[in-house]
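Thank you all for coming. Please take a moment to look at the sequence and the structure before I start talking through them.

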Amino acid sequence: MAEATVADAAVDPTALFEFLLRMGDNTLILGHRLSEWCGHAPALEEDIALANTALDLIGQTQLWLGLAGAVEGKGRSADDLAFLRDACEFRNLLLNERPNGDFGKTLMRQFLFDAWHHLFLNALRLSSDTRIAEIAGKASKEVSYHLERSRDLVIRLGDGTAESHGRMQGALDDLWPYTGEMFMNEASDAVLAAAGVAPEPAGLKTEWDALVGETLSEATLKEPAEGYMQKGGKRGIHTEHLGYILADMQFLQRAYPGATW
Amino acid sequence: MSSEWPLWEVFIRGQHGLNHRHVGSLHAPDAEMAINNARDVYTRRNEGVSIWVVRSSDIAASSPSEKGPLFEPSNAKVYRHPTFFDIPDEVGHM
Amino acid sequence: MYAQMVKTDAPRVKTLDEMDPQERSFQERIDQGQKIEPKEWMPEGYRKTLIRQISQHAHSEIVGQLPEGNWITRAPTLERKAILLAKVQDEAGHGLYLYCAAETLGISRDEMYEQLHSGKAKYSSIFNYPTLTWADIGAIGWLVDGAAIMNQVPLQRCSYGPYSRAMIRICKEESFHQRQGFDILMKMVKGTPAQKAMVQDALNRWWWPSLMMFGPSDDASVHSAQSMAWKIKQNSNDELRQKFVDQTVPQAEYLGLTIPDPKLEWNEEKGGYDFGEPDWNEFFEVLAGNGPCNAERLGARRKAWADGAWFRDGLTAYAEKQAARRAGNEAAAE
């Protein structure tokens, strides 16, 4: 498994574990949501493209949760973490568990997350923990393409027909209150930032605002006013939707304890 | 009734520096999206390093009914192939 | 098969002498193993039959995404989830290749969708059965993909160039599908008694529908004879079914499973298995729309298409605006 590094000694393992769960749970839950589209997308070409994004995210989940299990040191595998934790132990952003809605809403959610994901992974490539830097290096290539695609589609649909514009604006307005959570610092974030493992979330907001603002303006969409931001995912306080996702996702592992598949 | 996205022909150059090769077609609203779609549809198994797309309606093709006049005359010009010439073994590789 | 009982419009197969010179030279080219390419002359019956067959095949691929797609969100491990998603994605890809092949014959993808959604075009009967347990995902890969491969491998040599090339690509990609199904089952039969029972139950439910995939005996069918003369079908339904049974029974034995057919018996003389007759009444009812999942499958496809209309139109509108802007900029620059 992953070798111990300098950061291991310097960083509180609990903080590191929490951080890795956040990364892995974000990709796990969003990948799950995207996979719900398989066979139901508006065009075959989009069906195939979205499945590629979902596959990337599932692959990243294996890496992040695999490392989380190693850091925790209790012998839990990526699968154990994905399939045998309850909702309150999940650390993903609330944004990623939002229901798919129409295809436009799915793409808007994807774009808002991709913009953050891309910036965050780029920063993680310089992590003092080489294991993290390595995963981020691989994932950031995949995510650059996710962002290119979701950004392009948001622009096209925003500036498409009156109907597509209306739907994209509606999606943006609905999802916007779930974006603030990306930039909220938790206590563990300061510890990780001090050790050079990961940047403080708040530090990425300026760049994210610029990237998103520029895209929305090209899409002729109106950025919602700053308002109340939902939070809780990073502390394990989720929306009702996560429970249903897990009921689906964990069904076999829960119904047949100890079975291998 | 809405109109269908146009059809594009996709050409991909593989890993080993060979020419772009026609791999199939797909639908997309414009060239930029056709390239993205081609990446997602036709390079799922690591097949390519470069993609060309051309609108199918923009391809000019030779007419199948002229296949005889177009291609058969070269059948007779066997001297264009190296195997036409007998080189004695003692000359060595040529 | 993925294309079942394709009609040819032929009252009977003509001999070379009965054909006019154009048709005769077409048939002679096919007899010599030459490929027919899109813009070449072809009998109208050949063109129509191919459209029926290829579009039915394509529809089967995309409707076929649904029963397996059911379990993507419930796959038991991250790796199984990724494998299943990649597999179902491949089916979308195969549908796409096949629609494109059919489009070279002068029909649009939208028209083919229209025929699917209205119920005019058919798709394989097998996808109207439900996937009730995870073992069904294994059984589909093993049996359904196994049966499909039987038919698809010879179709690589089909006389119509674009169809043949699509099949070559599909067969190359599909080689992992059957294996992943068998792999799921191998793991399960080595697992708990409950897992093993789940596998046997899946085989019990999928065995007969899999045999039906090949269609009823077509030895006396003029459509099959015509399709074979045109080399858009290579083997009779019974031949392929026999081959499938002979290949599958030892695999079932390896898994320690019982094939749910009391008549199944090795026939030394013919060097193959004797087996019972599927319930053809059920087959025709499923084709007529009365299978357990026909309404859901077609409903899901119609919904995806209808719900996606605004999306497709939005992208078209943007592409048109961009083209107009570009033209405007170029005009301004001149």
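Predicted model: local features only at pLDDT ≥ 70, side-chain atom pairs only at ≥ 80, totals over all residues.

Residues are numbered from 1 along each chain as its sequence is written, chains are lettered from A and ligands numbered from 1 in the order in which they are written, and side-chain values use heavy atoms, with hydrogens and water left out.

In chain B there is an open sheet of 3 strands, ordered β2-β1-β3 and paired antiparallel; helices (H or I, at least four residues) and strands (E, at least two) are DSSP runs numbered from the N terminus, and two strands pair if DSSP finds at least two bridges between them. Because β2 (21-27) and β3 (50-55) of chain B each have a single partner strand, they stand at the edges, and one side of each is left without a neighbour in the sheet. Strand β1 (residues 7-13) of chain B is joined to the antiparallel β2(B) by 6 bridges, and E9(B) is found opposite S25(B) in β2(B).

Helix α1 (residues 31-42) of chain B lies across β1, β2 and β3 of chain B, at about 115° to β2(B), where axes are lines fitted to C-alpha atoms, for helices over the stretch in contact (heavy atoms within 4.5 Å), and angles run from 0 to 180 degrees between N-to-C directions. From chain C, helix α4 (residues 78-103) lies across β1 and β2 of chain B, running at about 90° to β2(B).

Now to the charged side chains: over all chains, the search finds 45 salt bridges, each a side-chain nitrogen of Lys or Arg within 4 Å of a carboxyl oxygen of Asp or Glu. One of them joins D189(A) and R22(A), at 2.8 Å from N to O, and this pair links helix α9 (residues 187-194) to helix α2 (residues 13-35) of chain A, 167 residues apart. Are these two residues buried or exposed? Both D189(A) and R22(A) are buried, meaning under 20% relative accessible area, with exposed over 50% and partly exposed in between (1.4 Å probe, protein chains only).

In chain C, K14(C) and E23(C) form a salt bridge with their closest N and O atoms 3.0 Å apart; K14(C) counts as partly exposed at 39% relative accessibility, whereas E23(C) is buried at 13%.
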